[in-house]
Structures are given as C-alpha cells and as structure tokens.
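Here is a short note to read with the structure open beside it. Please go through the points in order and find each residue in the model as it comes up.

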Amino acid sequence: MPPSVVSLASSKRGEGHFVDGDGEFGGREERKKLEKKLLRKLDLRVSILIAIYILNYIDRNNASAARLRGLEADLHLTDQQFDTLLSILYVGYILMQIPSNMFLNYIGKPSIYLPCCMIVWGMISCLTGVTHNFVGALLVRFFLGFVEAAFFPGSLFLLSKWYKREELGMRTALLSCGSLISNAFGTLIASGILDNMQGKLGHAAWRWLFFIEGALTVFVAVCAIFILPDFPATSHTWLSPLEVRLAERRMEEDVGISDEEHKGDGGQMRGLVLAMGDWKVWWLAFALTSMVISLSFNAFFPTLTATLGYSRTVTLLLCAPPWAFATIVAFAVSRHSDAVGERFWHIAVPLFFGIVGFIIAVSTMNTAARYVSLFLMAQSYAGFITFLAWVSNSIPRPPAKRAVALAWINAFSQLGNIAGSYVWPAKWGPTYRYSYAICISMNGFCILMCYAFKKHLEHVNAQVEKKEQEEGVPQGYRYMS
C-alpha cells in the first residue's frame, strides 16, 4: 500500500484530533452559517480568475483570428511558420510551470504574484502588434508562453488550498469555463475589432486586435491585485481570525492533516522529488497529453469553421455557439461529478461524444452535419475540466508535492499542444480526415489510461477500508475514482 495512503488512513483521527471539531465555532449550526459565509466571500474573490483565464486564452489564441485578416501576409509567413508561431508559445509555457508553482508555494502570495505575471503578459501581447517578420513574432510568442505559464497551474493550486474534494470539481469547472467562454466570445470580440479597426492610425486591424486585448489584460490585472485571495494561512486582511481557522480546519478534515503540518517536510525541493518519484504523476501527465492532442482543434477552430463555406465575419460568429454549448455542458458535468463523487465516467462520456463528432466530420462535407460535429467536439472539454479536478483529488498532500504535480502534469501535457500545432496542416484541408483520425486515436487512448487509473484507485481504497476495519478507526480519506 502506498505510504501516503497509509498515513492518511491512520492519521490523527483515531487520536481524537477532530473530536468536537465544531466547538470552537459555536456548535454545528453556527459552524454551518460561518462556513457558508466563508465560501460566499471566497467565491466572490476567486471569481476574478474566470475573467483572467478568459483573457489568458484570448491573448494566447488571437493569432488564429488574426490569421483570417492578414497576419500571415503582413509577416510574410509560410503555412509551416504559422504553425511554429502557435507551438513556440508552449515551449516557454512548459519550461516555467514547475518553477513558478514552487515559487508560489514558497511566497504564499498569489494576490501579488499572479496579477504581476498577468501585467507582463498583457504588455508582451501588445508587442505582437508591432512585429514585422517571423523572427520578431516568434520571440514575442515564446516569451508570452514563458510568462503565461504562471497562471493556470497557479490557479489550480490556489483552489486546492481552499476547497474540499466535493467542492473542487465545480470550482475547477468555473475556472476552466473561462477558456471555453473565451473561445465563444473571443471570436466575437475579434470580429468587431477586425471589422472596424482596419487602417485606424495607419495600423492593420489584426495589429489593433493585439493592442486592445493586451491593454485590457493589463487593466484587469491591476484590479486583481486587490481582489485575489492568498492562501488560508496568509489571508488575514479580509477574513476574521475565526474564518481563517475554519478555512484551515476544513482542509484538515478533508484529508486528515493540514497543509501547515507539512511545511517542514523538506521544503520545495522535497516536493519536487516526491512528485517526480510518484508514478501517478507521470501516468496522469501522459493521459492528459493524449487528451490535449485530441483537443488541438481548439487552436484551429476558426479554420475548421471556415470549411463550412461562409464569409470571414460569419465564420467568426459561427465559432461562438459551440463554445457556449460546451460551457453549459462542462458546468453541468462537473457539478454532477462533485455531487456523486465520481470522476472517470464524467471524463470518458464527454470524450466519447467528442469521438462521435470527429467521426461525423470525417464522414461528410455536409454543412449542417459538420456544424453539429463542432458542437460535439467542443463539449469534450467537459472531460478535460473534470480531469483537472481528478488530478488535485489524487495528489492531496503535501502541498509542496501537489504544487509541483499540478504544474508538471499541466506542463507535460503542453507537449500535446506542440504536437497538435502540426496536426492540422492546410494541405489536409478542407476535410482534415487525417487530423480527425489522430484525434480519435488520442481520445481512445486517454479513456483507456483513465480507466486503468480508476481501477488502481478503487484497489487502494479497498486496501485502506480493510486496514481501517482491522484497526477499528473511523473512515478516513478516499480517492475519487
């Protein structure tokens, strides 16, 4: 049995560590009221992460919209060079995720660190609008990924420091829905800018796209400094001492031990060693990478929508409904996953319907059928979002290990985005049969890996239950499978 699981199963619960845990909060009913108040205050503050993630994805993916309005011609790009511009972002993105999360765990101040990174990437995004050749654009895109790397794994880590297992899936969904919303409304914003800003002050419309969206990112980042919470142990300006204690107690009860008790367990490098030595981290990283390759259509969504045969403006407008639908599905799936305490089927079913969408797209060039296939492809992001919550649930403690694990799994999976940038060459269009075949195989492989992981977690849970029965201790931590 894994040592970490044994320690969770035989933690201080049996020594009365959590006996009368509601007494210091005035009893069970008073604690419930205080907990609702705490969650309400917390939800309001972390909700700005959704706006940040929308801008994060818009700044990352606006090159695809700009491609429709002259970016390639003005920068004198070949088809392969444009694919390289998309993929180079993920090189910097991969390199910085682990160091960034280790640093965030060390300083304990996400309210300062994450917005400062956001200000820098907003400024870099603006610089994309002043490039005039491939090399300039390549350098800007590399450093954009380098700085953006701090946000998503940092946000996942921040959420895992505040929310219990049964709360984490929905909050992860709300955060990740920012990317889906950006796909829906980012194209609408891009359409408005590209249609109305051509030639203003002597600049092409696609340059204004980067100027305006980059400036908006900087503005929201400045606001976020005053809104984002820090970690429970360092959030004393907007919480009462009793609320701080309740926040810490909730996490203790969720996994049997607090984050603070792990602070002396070897520091950040020890967390790195623990994460890199855990096969679960590598398994989840490979599973997510295969899923990310299957989701690579996201970066080429305007191009795929253009195969329907409509004008550029209509094409951008038609991109929005599939992602609006995906947002609704993702929220519903994640909420139900939290409610029933199950992860695998809430990942596998959306991925299966994504496969159905790929098959439809391969099978016909009928306009209506292919548009329906875009809806089915987009909703497969619900599986991706549930998977992220599963990662946090499966590597609960210590926090230094969890910080590295979340960053490494997300960083490693970006290899899928690099590979995915070359899955959709123009010469395979307009049918993109080979591209869809690759996505089908990657989705299927991910489902198989997730199923094997589910069976492992069920086996571990059974071992823990048997040990608890033998020792006569109360039921402790269980992995969600």
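1. Start with Asp 278. This is a predicted model, and in it Asp 278 counts as buried, with a relative accessibility of 9%. Its salt-bridge partner is Lys 401, with 2.8 Å from N to O. Lys 401 is also buried, at 9% relative accessibility.

2. A second salt bridge to look at joins Lys 33 and Glu 30, at 3.8 Å from N to O. Both residues lie in helix H2 (residues 28–46), three residues apart, which is about one turn of the helix. Lys 33 counts as exposed because its relative accessibility is 54% and the cut-off is over 50%. Glu 30, at 39%, is partly exposed.

3. Arg 245 and Glu 252 form another salt bridge, and their closest N and O atoms are 3.2 Å apart.

4. How many salt bridges does a search of the whole structure find? The search finds 17. Some residues are linked in a network of salt bridges: Arg 31, Glu 35, Lys 164, Glu 167 and Arg 250. As background, side chains of opposite charge can pair when their charged atoms come close.

5. Next, the cysteines. A disulfide is a covalent bond between the sulfur atoms of two cysteines. The structure holds zero disulfides. Cys 117 is in no disulfide, and the nearest cysteine sulfur, in Cys 116, is 7.1 Å away. Cys 117 counts as buried, at 13% relative accessibility. For Cys 126, the closest cysteine sulfur is that of Cys 223, and the separation of 16 Å is too far for a bond.

6. The surface has a nonpolar patch of about 520 Å², made by Val 91, Leu 95, Val 135, Leu 139, Phe 143 and Phe 146. Helix H5 (79–107) and helix H7 (134–148) each supply at least two residues of this patch. Which helix gives the largest share? H7 does, with four residues. Leu 139 lies in helix H7 and is partly exposed, with a relative accessible area of 49%.

7. Last, helix H18 (residues 367–379). Its 13 residues, at 1.5 Å a residue, should span 18 Å, and the end C-alpha atoms are 19 Å apart, which agrees. The buried residues in H18 are Arg 370, Tyr 371, Ser 373, Leu 374, Leu 376, Met 377, Ala 378 and Gln 379. What covers these buried residues? The cover includes helix H14 (301–306), helix H15 (312–318), helix H16 (320–340), helix H17 (344–363), helix H19 (381–394) and helix H21 (433–471).

Technical notes. Residues numbered from 1 in each chain as written. Predicted model: local features only at pLDDT ≥ 70, side-chain atom pairs only at ≥ 80, totals over all residues. Heavy atoms only, no water. Patch = residues over 30% accessible without salt bridge, like charges linked within 9 Å, V, L, I, M, F, W, Y side chains within 5 Å. Areas by Shrake-Rupley, 256 points an atom, 1.4 Å probe, with all protein chains shown as cover. Salt bridge = Lys/Arg side-chain N within 4 Å of Asp/Glu carboxyl O. Buried < 20%, exposed > 50% of the residue type's maximum accessible area, 1.4 Å probe, protein only. Disulfide = S-S within 2.5 Å. Expected span 1.5 Å × (residues − 1). Contact = heavy atoms within 4.5 Å.
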